[in-house]
Amino acid sequence: MEKLKIGVLISGSGTNLQAIIDEIEAGLPVEIVSVVASRPDAYGITRAEEAGIPVLVLNRSYYEDPAAADQLIVDTLQAAGARYVVMAGYMRKVTPVMLDAFPDRVLNLHPALLPSFKGAHAIQDAYEAGVKVTGVTVHFANEDYDKGPIVAQEAVTVREGWSLEELETAIHQVEYQIYPRVLRALAEGRVCVGEDRRVSVAEPA
């Protein structure tokens, strides 16, 4: 099977990037052709370099013109041959420049069951709301923040007495599993976005 070529966007520690790298080493038919970091102090840069993946490092000054920053990212990813863009803890809102260059091919990971608890503090918001079930969503990004077509979701039951940190740990463990599963489905051609903007994912052959 031809490997699915992806670019990964990060802003921080890169734990989801590492989870994908680990799954690739275990046989996931995916190749990370480029990593883009929005901050020069992101530890994910080290993870990418240790895996031999080219890295484009940006900083705040690049994002003074968000469209220009996205054009640089698009040019870099397209030159590397990326078919999909995978946001893994990327804390910048992408612009139409990227969305138009990769239509229905920009993935985002959100630590809640969308449409509930949108935004940058989803885990804390869910915890403070006292919900008994939250989870993780993988969706295609669009111009509406955290509102693109949903590809996959997995629930996390909030155990009695859990601290916020324990919930965060449980959410992250699901993230490390669900993203590689979605990437495998994409690599195997099992993901389809319908005219109604709903996503169907076929079972493995």
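Predicted model: local features only at pLDDT ≥ 70, side-chain atom pairs only at ≥ 80, totals over all residues.
Mentor: Local features need pLDDT of at least 70, side-chain atom pairs count only at pLDDT 80 or more, and totals for chains, interfaces and linings use all residues. Residues are numbered from 1 along each chain as its sequence is written, and side-chain values use heavy atoms, leaving out hydrogens and water.

Trainee: Why is Thr137 called buried?

Mentor: Thr137 has a relative accessible area of 0%. Buried means under 20%, exposed over 50% and partly exposed in between, with a 1.4 Å probe and protein chains only, so Thr137 is buried.

Trainee: What makes Leu114 and Thr137 a polar contact?

Mentor: The Leu114 backbone nitrogen is 3.1 Å from a polar atom of the Thr137 side chain. The definition asks for N or O atoms within 3.5 Å, one able to donate a hydrogen and the other to accept it; residues adjacent in sequence count only if both atoms are side-chain atoms. The pair therefore qualifies.

Trainee: How do you know that the charged end of Arg92 sits over the ring of Tyr63?

Mentor: That charged end is 4.2 Å from the ring centre. The rule wants NZ of Lys or CZ of Arg within 6 Å of the centre and within 35 degrees of the ring normal, so Arg92 counts as over Tyr63.

Trainee: Which residues does Leu186 touch?

Mentor: With contact meaning heavy atoms within 4.5 Å, Leu186 touches Leu4, Tyr84, Leu107, Phe140 and Val191, not counting residues up to four places away in sequence.
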